[in-house]
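Please look over the sequence and the structure shown here before reading the report that follows. The notes take up a few selected places, one after another.

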Amino acid sequence: MKTKEDLKLYFENGDKPTQEHFWSWLDAYWHKNELIPLNQIQNSDQLIQQNSSFKDYINPILEVGALALSGSVGFPTGSTTRGRTDTFLDTIYASQIELVGEMLLQTIFYYTDSNVFISKQDINAKTFTPTIPATAKKWKVSVYHMNNTQTVTQQELNTIKINCYSSESITFNNIVENTKTSTKVISEYNNFEINLGDSVPMEIGRIAVNNGFNSTSNTGIRTALIPMVTGNYVISQKSGYKISRVVFYKDGVFANQNVTTNEFSVDNATSNQVRIVFEKNSPTDIITEQDLFDFTYILKNISSSKYDQLLNETKKSKPLPSTIYTINEQVAILNTNDADINFDLTNRKIMISGGAIIDTGNTTVGRISLPASTAGIDMPSSITAGVVLYNKINNTIIVQNQTSAPLLNHLILFTYRYSGSFASFYVTGLKNYCVNGVPISQKDTRQMNKFAVDNFGIKYWNAPVYPAFNPLTLTSSVLYPMYDNVIAPFSNNVTKTVLGQTEGPIPYDILRIDISFNRKTPPTQRRRKPRIFVCGGTHGGEKLGVYTIYLFFKLLLENPNKDEMIDALRTNYDWTFIPLVNPYALNIGKVNGAESVRWNHNGVDINRNFDYRWAEYADGGMGSQSYKGTAPFSEKESQLVRDTFNSIKTDTVLFIDCHNFGSGVNIDYRAAWFASSFNTVQNAIYSLCDRLDAEIRKRYSYLADKDLLAFSDIDGSSPMSQAWMGNQQIVAMTMETDQGDFYNPTDPTSFNSNVITRSLETYVNTFYSLGKYAVDFYNSRT
């Protein structure tokens, strides 16, 4: 192989390179269609050692019904106020249990291998680490509403899930030894592609369904034998083709079984291999050698176990784009009057006049008059995050839960969210509307819009691929040493201070960390720099925000690739971080048995405890998700944020409070969300959103057809930290990134590699773009 210096000699001025010279040049580089061998990647042995395992888990199916707490303990009853796992689960999946959704885990029941009840443990929480009896082999769990007398419906159970984590890890060796069928395995922990050999062979031909032998035919494409484990599978194939047969075998012997559908199940008791036959949509059409070469398909294990899915995913090409959740047309509501749409929160109704119209963005459909609804559209009490849909077929409007699967022939009009009994209420997708007859425009009287253009110039920071993250491991006792390890080599540039401690039986430290890369000159000769103030973990249980701040902090200090945008951020600004404002919510997250990722020890949402329109904010009272406390700054955590800002506000130009949100089918933004209380900054954020939206679409093909990847709200009514600071004439905002990757057809899990990479990319570009705008705004203040 020629060295780089040798290759340069072929292409000096006046040279006439030959074919061999060009070939030597091409052979010196990896082609994008080639897989790079593991042993050719620097530090790959360390990468595998550090990132080569993760906890397997399952998501069991839930059904309406209770498990008896007395009498015939542990056996099903017909109660409609409980839900339960519909089958017995192996105790290997009881290392940790986590409920995701608007219910609580109630009780876990343990059984012997022959289904004889042993004992139970009460839970009453969203996460639980069981103490498993020595004789237990199986278990079931029951769930209920926080109000444990409320009826549980199957529809509600379908919107939540339970992650049941295994005590066993999947290692790199497990993958190599157990995956015999795939050309590539893409692990969820680091998105790292490992070449395991040749792909599953395909050839022109069919299979006789009476004996499983090959048959001579030029109208089909058949695969070689594919080893399978017990589970449920789905096949996606190239457009223009369909499934002809899936034929089952046991150790190479025909199992006298076949199916003709794209979804099927394998039971290793009767079969452990399949062969697949594809045909064109017109079954008599001839398959050519070029057709065979161009053909692609995906065979995917869709069973609950991530372990099985990892070991049994066979890919011949990049994943096909998913169309399951595609919305047919983009839609915008053009209502010119506030009174066109009124939210009657007392009666839980959406009132629509005839003045609003829909612009579908479709040149054929055009604009549609929104049907008037004098009786009002119900906002069900069970739906706290609703999406309002327009049915194109019968010209009606309905409300659906944002986490529900989308409906065909429906357009998304707008979404709403609330906490408590409609105490805190937010609408996204409407510019003009009323709440209880009061125009929304009255919430913000500061009209100081400024024009804004793309503050990136030609620059945009594309993040390298970051590994996935296991949120269950993150506590303040884990997080703070991570910061210490990063800080150690930069003692001349970083100052760490313990601001104070949380209240409660276990006091947790709240840290402040300052960064300054000033030149080594006397203080009187140093350049005065603008400061950026960053808070994280105000809702401590929002772990993506907490973790991404750490990654950004580490990148800012180390800048391992000597990136000029990172260098600009660290040399042009001083930085103040409070990386974990609310460590109680991260470490404990419960008050009097109720659980929240938002509360501190006193049950207060710290991000509703700041002195900006605090008195007029309706929070639903103690116990509500957004309880504002007894007075502005009544809580130790908000006091420390306030005092820190007051100590640096003469130099501070930008404040960003970092959070994350959960993913869902109908959520109206899918990568990033921003909120500011003042119109002053809104155009700059819109400009940022446009750039983020365009770049994310280019990088993640499965998001290319989605609307509003980055979105911004004006929230002028909540006593949040950004509102209090923005009221003091600096650029201030809330930034949230999406912890889920719902639309990813390959790995739709939360905290996967794409989520971490996308979140950090959003942070860097937001600080870079908004930092420039904030300095201009600061300099223009009167």
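## Surroundings of Thr91

In this predicted model, Thr91 is in contact with Ile132, Ala136, Lys137, Lys138 and Trp139, when its neighbours within four places in sequence are left aside. Thr91 itself belongs to the loop that lies between strand 6 (89-90) and strand 7 (96-100). With a relative accessible area of 16%, Thr91 is buried, because the cut-off for that word is under 20%.

## Helix 8 and helix 9

Helix 8 (residues 476-487) packs with helix 9 (residues 543-558) at an angle of about 10°, and their axes are 10 Å apart. The two helices, helix 8 and helix 9, are therefore roughly parallel to each other, a term that applies to angles under 35 degrees.

On the side of helix 8, the residues that meet helix 9 are Leu479, Met482, Tyr483, Val486 and Ile487, while helix 9 contributes Val546, Tyr547, Ile549, Tyr550, Phe553, Lys554, Leu557 and Glu558. Sorted by class, this contact of helix 8 with helix 9 has 11 nonpolar and 2 charged residues, and no polar ones.

## Helix 12 and its buried side

Helix 12 (residues 636-648) consists of 13 residues and reaches 19 Å from its first C-alpha to its last, which is close to the 18 Å expected at 1.5 Å a residue. Within helix 12, Glu637, Ser638, Leu640, Val641, Thr644, Phe645 and Ile648 are buried. These residues cover an arc of only 160° around the axis, which puts them on the same side of helix 12.

The buried residues of helix 12 pack against several strands, including strand 39 (494-501), strand 40 (509-515) and strand 45 (652-661), and also against helix 14 (721-726).

Notes
Residues numbered from 1 in each chain as written. Predicted model: local features only at pLDDT ≥ 70, side-chain atom pairs only at ≥ 80, totals over all residues. Heavy atoms only, no water. Helix = DSSP H or I, 4+ residues; strand = E, 2+ residues; numbered from the N terminus. Expected span 1.5 Å × (residues − 1). Buried < 20%, exposed > 50% of the residue type's maximum accessible area, 1.4 Å probe, protein only. Arc of directions from axis to C-beta. Contact = heavy atoms within 4.5 Å. Axes fitted to C-alpha atoms, helices over the stretch in contact; angles between N-to-C directions. Parallel < 35°, antiparallel > 145°, perpendicular 65-115°, else oblique. Nonpolar A, V, L, I, M, F, W, Y, C, P; charged D, E, K, R; others polar.
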